[in-house]
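Here is a friendly note to read alongside the model. Please keep the sequence and the 3D view open while you go through the points.

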Amino acid sequence: NDELFDGFIGVDRRGGRDNGPHLRVGVGATSLVALGNGVCRESTPCGRCEGDCDSDDACLPGLQCMQRDRFEPVPGCDGSGVKGWDYCYDPSLV
């Protein structure tokens, strides 16, 4: 269940099954955010620059999942993230 918090643009809270609640940065975010394994999935899709996703279905509509082996840059996102983790990105920024 998502819960909206005031004071931050596009920030809400979602519990990950592996390590508890996370703060999510919304669609306008540019910093890579590692939410955890199993958090991004079709039933709870992640936003731009959020991961770890395993497929495009694990990302919000219009976003795609960037598959990485190491610290490859993610289009439209800042930072290096977690080695080998995959992040949602906006393909129109490529």
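1. Let's start with a term: a disulfide is a pair of cysteine sulfur atoms within 2.5 Å.

2. A word on the ground rules. This is a predicted model, in which local features need pLDDT of at least 70 and side-chain atom pairs count only at pLDDT 80 or more, while totals for chains, interfaces and linings use all residues. Residues are numbered from 1 along each chain as its sequence is written, and side-chain values use heavy atoms, leaving out hydrogens and water.

3. Look at C40 and C46, which are joined by a disulfide with an S to S distance of 1.9 Å. Which hand does the disulfide of C40 and C46 have? It is left-handed, because the torsion about the S-S bond is about -85°. Buried means under 20% relative accessible area, exposed over 50%, and partly exposed in between (1.4 Å probe, protein chains only). C40 has 4% relative accessibility, so it counts as buried; C46, with a relative accessible area of 0%, is buried too.

4. Next, a disulfide connects C49 with C77 (S to S 2.0 Å). The link of C49 and C77 is left-handed, with -95° about the S-S bond. It ties together distant parts of the chain, 28 residues apart: C49 lies in the loop between β4 (33-34) and β5 (50-51), and C77 in the loop between β6 (64-66) and β7 (87-89). Strands (E, at least two residues) and helices (H or I, at least four) are DSSP runs, numbered from the N terminus. Both C49 and C77 are buried.

5. Now find C53 and C65, another disulfide pair (S to S 2.1 Å). Here the torsion about the S-S bond is about 95°, so the disulfide of C53 and C65 is right-handed. This pair also links distant parts of the chain, with C53 in the loop between β5 and β6 and C65 in strand β6, twelve residues apart. Are these cysteines buried or exposed? C53 counts as buried at 0% relative accessibility, and C65 counts as buried at 9%.

6. Counting bonded cysteines along the chain, the disulfide pattern is 1-2, 3-7, 4-6, 5-8.

7. Finally, a caution about confidence. pLDDT is the predictor's confidence in each residue, from 0 to 100. The protein's mean pLDDT is 78, and 69% of its residues reach 70 or more. Among the elements, β6 has the highest mean pLDDT (97) and strand β1 (residues 3-4) the lowest (37). Over residues 1-23, pLDDT stays under 50. Where pLDDT is low, the predicted coordinates should not be read in detail.

Terms used:
Contact means heavy atoms within 4.5 Å.
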